[in-house]
Amino acid sequence: MKTIHNILLAAAAIFGLTSCESDATVDVPETKPKLVVSSFISPQDTQVVVRVKRSKPIFQSYNVNTSASVANASVSITNGSTTMQLNYNSTGEYYGVSATLFPITAGTTYTLTVTTPEGETATAKTTVPGVAPAAMNVSYTYVVEDSNSFFVSRHYTITINWNDFSGQSDLYRVVPVQLVKSVINPTDTFQLRAGEFLISDANNDGGTIQDKIDFYNHIAQGSDTIVGFDFYLMRSSPEYYLYHESLLNYNSGDPFSEPSLIYTNITGGLGVFGSYQQLKKRVFL
Amino acid sequence: MRSLFSICFAGILLLTALPATAQQKYTISGYVQEKGSQETLPGVVIYVPKYKAGTSSNSYGFYSITLPADTIEVMVNYVGYVPQKHRIVLDKNISLNFEISVLVMKEVVIEADKSEKISDDVQMSTISVPIEQIKDIPALMGEKDVLKVIQLLPGVQKGSEGSSGIYVRGGGPDQNLILLDDATVYNASHLFGFFSLFNGDALKSVELVKGGFPARYGGRLSSVLEMRMKEGSKDSLHGEAGIGLISSRFVLEGPIIKNKASFLVSARRTYIDLLIKPFLKEENKFGYYFYDMNAKANYVLNDKNKFYISGYFGNDKAYNEAKEANDYTFNASLRWGNATATARWNHQWGNKLFSNTSFIFANYTMAIDYKEKQGTDEFKLHYGSGIRDFSLKQDFDWAPNTDHYVRMGFLSTYHYFTPSAFVISSSYTPDNINQEQHIETIENGVYIEDEWKMTDRLKSNIGFRLSHFSNRGKNYVKPEPRVALRYMLKEDLSVKGSFAMMNQYLHLLSSTGVGLPTDLWVPTTNKVAPQQSWQAAAGVAKDWYEKKLMISVEGYYKHSTSILGYKEGASFLVIDDPNDNEQVSWEDNVTPGQAWSYGGEFLIQRKFGKLTGWVGYTLSWTQMQFDSLNFGEKFYARYDRRHDISVVAIYKLKENITLSGTWVYGTGNAITLPTGEYEATPHDPGSGNTGQFQPYPYYVQDYGKKNDFRMAPYHRLDFGVQFHHKTKWGERTFEASVYNVYNRKNPFYYYVGYNSSGTERKLKQVSLFPVLPSVSWTFKF
């Protein structure tokens, strides 16, 4: 792609088609900082977690730290009959309420409302999907593609499948996480994301959903080793799915291609309020 | 399919069954030709006032008209030619060729009022531009360009600055059928879209149909741009040569056998590569050139049989060669080009039935080559793609009586696609690659249409086309009804309406949307359905004889389905990752969608006189929706253009001085602009959602809604002046022109930059062409 751009620009230059850069003559849209809300609720979680930050306008000067959490917001969640206020946890920088106080249940529609003393209001809705698939099958093979006294390269091919629910459209997200045993502290196992994929049951309603993950591991001999994988299968609400799909496809564009947009269902702000049902499977190598 | 065709044919026969009349009828038929060169002329009006009956010559100059036995006066009229009046005693079938002379400025035009009448024509949404006007309109770098002139017509928009791509009534550049002597031209651009293949030198006529398509056309959703090549003078040798800033060109035409056979050859080539060569270092040579060539020959066997053979051949090449001291050399090049060939046989079956049989070849190829060598080590890479067509086309024109004019025929095309051919040979590694994909498909279309004068005021063109496409056992058969109606309110004023359904079986995959040579044509498959559209249009047409003006106002509504969008982040260049074992099919990278276009167009056009040209205005809306784009929501197309104005004026100041100017204005493109930035947090089950860990966020931009921001409006004035000087050998023309006279900085694209102190971000723009003067010189004999 880059080469084509270069050729195009070179061709323009050869012909002396002098291009010129200047300030744009159009007015840019007047933009203020917006609340950025992210929350993913699930019956399998121990609490409801809501993170609130702010966006920073590009063309107007506002003093906004986009990484900083907004600590003075009022955050509430309702299932239509019960409304619960969430408390700010300054260590974790999130608003939360325990699942024992406010359980999340399948099929229920929840509404999230965030307000700030500055007068900002952001709201969103999500309906929790039905139960997660009862089981998933995981199988893997690996080959050592290269090995010497310093390094070893392994290529893992992991196949994963589960049965879809028929009669409705279902959306899934799968996140494999490596379980890595530390050399320094052999009793410690830490977790590392190993990609993700999104899949829908379109054209395969009620069938077996299957996907393959190629995973390459290139490590120094005698260093940390992968001892297994955790597979998280999320049966997702549309908001959850579209948001993660847009993050995966995100590109900021260039003069010859369109930028892709990040999904949001937050009225009055940015971010997402989504829900999922989760199935976890741990596999030791 | 055959039975359906038979039913239609029988229906038309019934429709056209001659009423039993006492009075004997006879037919006058023949060709209309230009006096001298004997170039056949299409669209010449042959009119018999006494019977208020008329016809016009077809694409090959043939006409036929049947009238009661009588002594009649026949008028022959054509824009830019001296009108003729013939007195004919019609007591038998007569074969008669009309020869008309080119109108010279000083001549007084008598009764030119019955020439081409826009109000009379049943066909709407059609514009023809005289070739002479194309040659008079000022152009970028002085390079005359048919497609750039087409962009000046209402209902037609250009894409970005300098681009020769055309967007007709909201449709993309892939939805235009560009025909050169019946052969499809798949990529009409030179120099990455800044110029088109056609400079008008070899052309006789250019006609754009943007709606209400007659049944004889099919295969694309948005427009048909039909160009016909000149045949070449049959009486004497003529030529033209020109030198411009970036290219030189010549045309040569003349008889092979006087009054029997003739030829025409035209060619041009850019020479910047030759000019800069001496200034380049031996170690690193780069350059760019394009050339094209048109050739045509014809042979008149007798009054009943004519043969034509014509072709186009053109290529673009950008290259870079390096040679270093350590015996290292490298060569890289990008080439693309079209080739077309058409062989035709015109035959007259009696005096009412005319047929044309064409064998057509069309080819488009693109190739990237890369070679690296050091000593005996060598690495070679070749990537190519293309499409090749072989077609058989059969058309019949049948004029049974003055109330009916029936056209029918078929077109059958074998498409041979090479979506990618990839070869790597290397002495560094034994893993040589030689992959080539091919797809073979068949596309058929069979049609019948009848131009039917229902009453003195009401005329219709009712047609039907059945299209068929076959790819690897998957067959699509789609009916395409076509209706056009014209009702005369007054002698010079009519209302018109039309409806057309279209199918498109070929899709263009474009990584960039700017018409680069890497854009790839692919067929409809079992996964990717044909694109489909229907369009309804209604309008008013008026001829204003005293002022020599033609005025048309039209409104249209077009709905297209199964159009292709590209999934976000999709790339169709296999070369991006040739070693990727997982071959991602292009079918997985496209997403079907819909488009809605509607609007109004106004055109006032003057084709002859001291002052010629037109004023066009378009008010339009184009929206799109794709399930996998913009979260399934509707959005305005990038080239949605609310207002579009073009003014074209050519003024013959004196016999030897021609002034010309164009001014265009268009609403800015709809683009997606970032307005904010923020951290987007994903759900990260691995790091726990219980709050102990902050999931790693993506740093993203807030674009608001898709295509919600308008670029600054585009406007530009061009001016040209031509000085003609007649000598006893011929005519010299010196032309000086200025592109973008008032140096408008039209934005080519925007980007986010910083202010001069680097503290605040600002929206910046890149503009391509400032005020650009150019000169050219032409000699004609």
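pLDDT is the predictor's confidence in each residue, on a scale from 0 to 100. The structure described here is a predicted model. For chain A the mean pLDDT is 87, and 92% of the residues reach 70 or more. Residues 1-5 of chain A have a pLDDT below 50, and beyond near neighbours in sequence this stretch has seven contacts in the model. Where pLDDT is low, the predicted coordinates should not be read in detail.

Chain A contains two helices and 17 strands. The C-alpha trace of chain A spans about 65 × 60 × 45 Å along its principal axes. Of the 285 residues in chain A, 33% count as buried. Among the contacts in chain A that link residues at least 6 apart in sequence, 66% join residues at least 24 apart.

One of the helices of chain A is α2, which covers residues 238-249. Helix α2(A) has twelve residues and reaches 16 Å from its first C-alpha to its last, close to the 16 Å expected at 1.5 Å a residue. The helix is mostly covered, with nine of its twelve residues buried. The buried residues of α2(A) are A:E239, A:Y240, A:Y241, A:L242, A:Y243, A:H244, A:E245, A:S246 and A:L247.

Strands of a sheet pair through backbone hydrogen bonds, either parallel or antiparallel. An open sheet of three strands has the order β1(A)-β48(B)-β47(B), and its pairing is antiparallel. The link between the chains consists of four bridges between β1(A) and strand β48 of chain B (residues 761-767), paired in the antiparallel sense. Within this pair, A:E21 stands opposite B:V766 of β48(B).

Another open sheet of three strands runs in the order β4(A)-β42(B)-β43(B), again with antiparallel pairing. Strand β4(A) is joined by two bridges to β42 of chain B (residues 676-680), and the two strands run antiparallel. The bridge partner of A:P57 in β42(B) is B:G676.

Within chain B, strand β26 (residues 404-426) pairs with strand β25 (residues 377-401) through 20 bridges in an antiparallel arrangement. These strands, β25(B) and β26(B), form a hairpin with two residues between them. In this pairing B:R388 stands opposite B:Y416 of β26(B). Strand β26(B) is also joined by 14 bridges to β28 of chain B (residues 439-453), which runs antiparallel to it. Here B:Y405 lies opposite B:E451 of β28(B). A further four bridges connect β26(B) with the antiparallel strand β27 of chain B (residues 433-436). In β27(B), B:Q435 is the bridge partner of B:F422.

In soluble globular proteins, nonpolar side chains tend to be buried together. The largest nonpolar core of the model has 142 residues, and those touching the most other members are A:V37, A:V50, A:V52, B:V146 and B:I150. Leaving aside residues up to four places away in sequence, B:V146 touches B:I134, B:S196, B:F198, B:G200, B:L203, B:V206 and B:M227. Another core, of 30 residues, lies apart from the largest one and includes B:Y47, B:F62, B:Y81 and B:V406.

Residue B:S498 is located in strand β31 of chain B (residues 493-504). This serine counts as buried because it has 26 C-beta neighbours inside 10 Å, where 20 or more are required. Not counting residues up to four places away in sequence, B:S498 touches B:M124, B:S125, B:G211, B:G212, B:V483, B:A484 and B:A537. The C-alpha atoms of B:S498 and B:V156 are separated by 19 Å, with the two residues 342 apart along the chain.

Definitions and conventions: Residues numbered from 1 in each chain as written. Chains lettered and ligands numbered in written order. Predicted model: local features only at pLDDT ≥ 70, side-chain atom pairs only at ≥ 80, totals over all residues. Pairing = 2+ DSSP bridges. Core = buried A, V, L, I, M, F, W, Y, C linked by C-beta atoms within 7 Å. Contact = placed C-beta atoms within 7 Å. Expected span 1.5 Å × (residues − 1).
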